[in-house]
Amino acid sequence: MTTKCILFDLDGTLVDTAPDLGAALNSLLIEDGRKPLDAEVMRPYSSQGSRGLLRLGYGINQEDSGYTEMRERYLKVYAENLCNDSVVFEGINELLLELDTLGIAWGVVTNKPSNLANPLMDQLTFATPPACIIGADQVPKPKPDPAALELACELTGFHAENCIYVGDARRDIVAGCRAGMRTVAVTYGYIQKGDFPDQWGADRIINQPSEILDCLIAEAA
């Protein structure tokens, strides 16, 4: 199968957003008279966005009363400080240049809502432009449902069998498999204690972005 497009999860795969996601949580905690959390404590939860961070900081879940209001407060603070310290992961831009040389497109499929994902992408510098940016609000169900990846194929014109989906969470790999794509799990992202990427069913596990090129080399062999 010839790869024509590589799709990336956003938080923890393409961009290190943990500093700003965590800072928004600490802002709320301080405002509420609570002790802020260490960045390294919050980092593994960043892949889960507001849901995971609010559970960590406040011990509340989506089913709890007050969750919706708390989430709205969190997202407001985060949206106002979207890209203070977030950075593209080391090696990503070099990878994108190589993909461009090979004639391979790239895009983003994230569970982040579009009103956060698009401005974040706009504020960062990428070596080449993405073919698509798909947010969770563009489909009926977020990952692990495959709908967002299927939409990416529809918008870019690439078939699923010609795409690779790269992510740092089990839901990414499950979504990619359900969409009929090959999948790559990354270990440099927000891996929580108790996560075992080798049990997610990914076609390949990598420790740094450049290793994606090894997938393409193996494909050509």
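**Salt bridges, sheet and cores of a predicted model**

Lys-76 and Glu-80 are four residues apart in helix α4, so about one helical turn separates them. Helices here are DSSP runs of H or I with at least four residues, strands are runs of E with at least two, and both are numbered from the N terminus. The side chains of Lys-76 and Glu-80 meet in a salt bridge, with a distance of 2.8 Å from N to O. A salt bridge is counted when a side-chain nitrogen of Lys or Arg lies within 4 Å of a carboxyl oxygen of Asp or Glu. Lys-76 and Glu-80 are both exposed. Residues are called exposed over 50% relative accessible area, buried under 20%, and partly exposed in between, as found with a 1.4 Å probe and protein chains only.

The structure is a predicted model, in which local features need pLDDT of at least 70 and side-chain atom pairs count only at pLDDT 80 or more, whereas totals for chains, interfaces and linings use all residues. Residues are numbered from 1 along each chain as its sequence is written, and side-chain values use heavy atoms, with hydrogens and water left out.

Seven salt bridges are found in a search of the whole structure. One of them joins Lys-143 and Asp-9, whose closest N and O atoms are 2.9 Å apart. This pair links distant parts of the chain, 134 residues apart: Lys-143 belongs to the loop between β5 and α7, and Asp-9 to the loop between β1 (5–8) and β2. Lys-143 is buried, with a relative accessible area of 4%, and Asp-9 also counts as buried, at 5% relative accessibility. When residues up to four places away in sequence are not counted, Lys-143 touches Asp-9, Val-109, Thr-110, Asn-111, Tyr-165, Arg-171, Asp-172 and Ala-175, where contact means heavy atoms within 4.5 Å.

A further salt bridge is formed by Asp-32 and Arg-73, with the closest N and O atoms 3.2 Å apart. Asp-32 lies in the loop between α1 and α2 and Arg-73 in helix α4, so this pair ties together parts of the chain that are 41 residues apart in sequence. Asp-32 is partly exposed, with a relative accessible area of 32%, and Arg-73 is likewise partly exposed, with a value of 24%.

Helix α1 comprises residues 18–31, which are 14 in number, and reaches 20 Å from its first C-alpha to its last, close to the 20 Å expected at 1.5 Å a residue. The expected span is 1.5 Å times one less than the number of residues. Among the buried residues of α1 are Ala-18, Leu-21, Leu-25 and Leu-29. The elements that cover the buried residues of this helix include β2 (15–16), α2 (39–42), α3 (49–58) and α4 (67–80). After α1 comes Gly-33, whose phi is positive, near 75 degrees.

The largest nonpolar core has 48 residues, and those with the most contacts inside it are Phe-8, Leu-14, Leu-54, Tyr-74, Trp-106 and Phe-126. The largest share of this core, six residues, comes from α1. Apart from it lies another core of 18 residues, among them Val-109, Leu-151, Tyr-165 and Ala-175. A nonpolar core is a set of buried Ala, Val, Leu, Ile, Met, Phe, Trp, Tyr and Cys residues joined through side-chain atoms within 4.5 Å.

An open sheet of six strands, with parallel pairing, has the order β5-β4-β1-β6-β7-β8. Its edge strands are β5 and β8 (204–206), each of which pairs on one side only. Two strands pair if DSSP finds at least two bridges between them. Strand β4 (residues 105–109) runs parallel to β1 and is joined to it by four bridges; Val-108 in β4 is the bridge partner of Phe-8. Strands β6 (residues 163–167) and β7 also pair in the parallel sense, over four bridges, and Val-184 in β7 is the bridge partner of Val-166. In β7 (residues 182–186), five of five residues are buried. Both faces of β7 are covered, with Arg-182, Val-184 and Val-186 on one side and Thr-183 and Ala-185 on the other.
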